[in-house]
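Please look over the sequence and the model below.

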Amino acid sequence: MFCAQFVGVVGGAVSLLLVFRTNAAFGRFCAAADSFAEVLSATRNLSRKMAVWAPVSHRVENARLCAAIPWAVKHRGQGIHGTEDASEELESVLTPAQLKKLDLMGNVPAQLMTEITRGLDRMNEHKVSLF
């Protein structure tokens, strides 16, 4: 009799702890999904702006760099940056020359943003006219 009551009380407590733990994990997942959606949106907006305002000769290069940002963020989030799988996915987006500039063991999203900034500086050198 005592054993059945003990198991019932402990089982109830354990199930409550499991529910709280599951809710916390789901909250972290939702926060990560929201953050990744923001990255996708910002990358898409940046890509559109660069497609409109960048010189024609730099558009493809800049578009590839913008397209690689979500992949690189995904790799860092999954903890697979610097692995063969991550390199293969980036090879499908970037050219070999662009890939060679990156240190795949480092912070690839930051390196991509640096390359994009350099591209914007080159665009500024061309004095792109708005009209």
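How are helix 2 and helix 3 oriented to each other: roughly parallel or roughly antiparallel? This is a predicted model. In it, the axes of helix 2 (residues 56-78) and helix 3 (residues 84-91) make an angle of about 170°. Angles over 145 degrees count as roughly antiparallel. Helix 2 and helix 3 are therefore roughly antiparallel to each other. Their axes lie 10 Å apart.

Which residues make this contact? Helix 2 supplies Ala 68, Trp 71, Ala 72, Lys 74 and His 75. Helix 3 supplies Ala 86, Glu 89 and Leu 90. Sorted by type, the residues of the contact of helix 2 with helix 3 are 5 nonpolar, 1 polar and 2 charged.

**The two sides of helix 3**

Which residues of helix 3 are buried? They are Ala 86, Ser 87 and Leu 90. These residues cover an arc of only 100° around the axis, so they sit on the same side of helix 3. The buried residues of helix 3 pack against helix 2, helix 4 (96-101) and helix 5 (108-125). The face of helix 3 turned away from that buried side carries Glu 84 and Asp 85, which are exposed.

**Two residues of helix 2**

Take Lys 74 again, a residue of helix 2. Leaving aside neighbours within four places in sequence, Lys 74 is in contact with Phe 36 and Glu 89. Lys 74 and Pro 109 are 35 residues apart in sequence, yet their C-alpha atoms are 9.6 Å apart in space.

Val 73 is found in helix 2 too. Val 73 counts as partly exposed, at 26% relative accessibility. What does Val 73 touch, not counting residues up to four places away in sequence? Its partners are Phe 36, Val 39 and Pro 109.

Now turn to helix 1 (residues 2-53), where Thr 43 lies. Is Thr 43 buried or exposed? Thr 43 counts as buried, because its relative accessibility is 10% and the cut-off for buried is under 20%. Thr 43 touches Cys 66, Ile 69 and Pro 70, not counting residues up to four places away in sequence.

Leu 18 is in helix 1 as well. Leu 18 counts as exposed, at 55% relative accessibility. Leu 18 and Gly 8 are 10 residues apart along the chain, and 15 Å separates their C-alpha atoms.

**The cysteines**

A disulfide is a covalent bond between the sulfur atoms of two cysteines. How many disulfides does a search of the whole structure find? The search finds 0. Cys 66, which Thr 43 touches, is buried, with a relative accessible area of 1%. Cys 30 is partly exposed, with a relative accessible area of 28%.

| Residue | Relative accessible area | Class |
|---|---|---|
| Leu 18 | 55% | exposed |
| Cys 30 | 28% | partly exposed |
| Val 73 | 26% | partly exposed |
| Thr 43 | 10% | buried |
| Cys 66 | 1% | buried |

Key: Residues numbered from 1 in each chain as written. Predicted model: local features only at pLDDT ≥ 70, side-chain atom pairs only at ≥ 80, totals over all residues. Heavy atoms only, no water. Axes fitted to C-alpha atoms, helices over the stretch in contact; angles between N-to-C directions. Helix = DSSP H or I, 4+ residues; strand = E, 2+ residues; numbered from the N terminus. Parallel < 35°, antiparallel > 145°, perpendicular 65-115°, else oblique. Contact = heavy atoms within 4.5 Å. Nonpolar A, V, L, I, M, F, W, Y, C, P; charged D, E, K, R; others polar. Disulfide = S-S within 2.5 Å. Buried < 20%, exposed > 50% of the residue type's maximum accessible area, 1.4 Å probe, protein only. Arc of directions from axis to C-beta.
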